[in-house]
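I opened my notebook to look up a few backbone details and some strand pairings. Here is what I jotted down as I went.

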Amino acid sequence: MNLEIALRMCEAALKQAAREGALISVAVVDAGGHLVTFQRMEGAEIAGPVLAPGKAYTSVANRRSTADLALLTVPGGELYGLAGDRFICFGGGVPLWAAERVIGGVGVSGGTVAQDVACAEAAASVWRTG
């Protein structure tokens with residue numbers, strides 16, 4: 001993960017947000033969950049600067065999308081109790097893979113869950129296509 005590709009990923013997320021009619025914050029983190037870059041659209045929600053990096057971190061730490069974690073963290077779920085502190089367990093966080101290991105993650109917050117997921121996937125597609 002480097003700054004150049006992270007910035008391109010943010011750009012893709014912001015373009016998708018414009019298509020979706022959403023105002024978002026987007027964060028890209030490295031393999032250790034450390035912030036590489038963050039962008040917030042003017043007028044985006046106040047919680048975005050916390051939730052977007054949190055979703056990116058969560059996707060790296062758990063090696064799965066936060067949308068997948070949402071289903072596992074409901075009461076009675078296999079990972080019930082995981083959500084909280086730094087773990088944000090609803091859609092918008094996507095891990096980034098290379099050679100069968102997670103090398104970073106992207107997190108988006110500000111739209112509906114579906115919009116956040118679409119924007120995060122747009123950013124992740126930049127990573128996948130290089």
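This is a predicted model: local features need pLDDT of at least 70, side-chain atom pairs count only at pLDDT 80 or more; totals for chains, interfaces and linings use all residues.

I started with Glu-100, which is exposed at a relative accessible area of 78%.

I looked up where Glu-100 sits, and found it in the loop between strand 3 and strand 4.

Next I checked Ala-99. Ala-99 lies in the loop between strand 3 (93–98) and strand 4 (101–109). Ala-99 is no glycine either, and has a positive phi of about 50 degrees. Is Ala-99 buried or exposed? Exposed counts as over 50%, so Ala-99 qualifies with its 77% relative accessibility.

Then I turned to strand 1, residues 25–30. How many of its residues are buried? I got 5 of 6, so I wrote down "mostly covered", with buried meaning under 20% relative accessible area.

Which strands does strand 1 pair with? One partner is strand 2 (residues 35–40), antiparallel, over 5 bridges. In that pairing I found Ser-25 opposite Arg-40 of strand 2. The two strands make a hairpin with 4 residues between them. Gly-33 is in that turn, and I noted its positive phi of about 80 degrees.

Strand 4 is another partner: strand 1 pairs with strand 4 in the antiparallel sense over 6 bridges. I picked out Ala-27 there, and its bridge partner in strand 4 is Gly-107.

Terms used. Residues are numbered from 1 along each chain as its sequence is written. Side-chain values use heavy atoms; hydrogens and water are left out. Buried means under 20% relative accessible area, exposed over 50%, partly exposed in between (1.4 Å probe, protein chains only). Two strands pair if DSSP finds at least two bridges between them.
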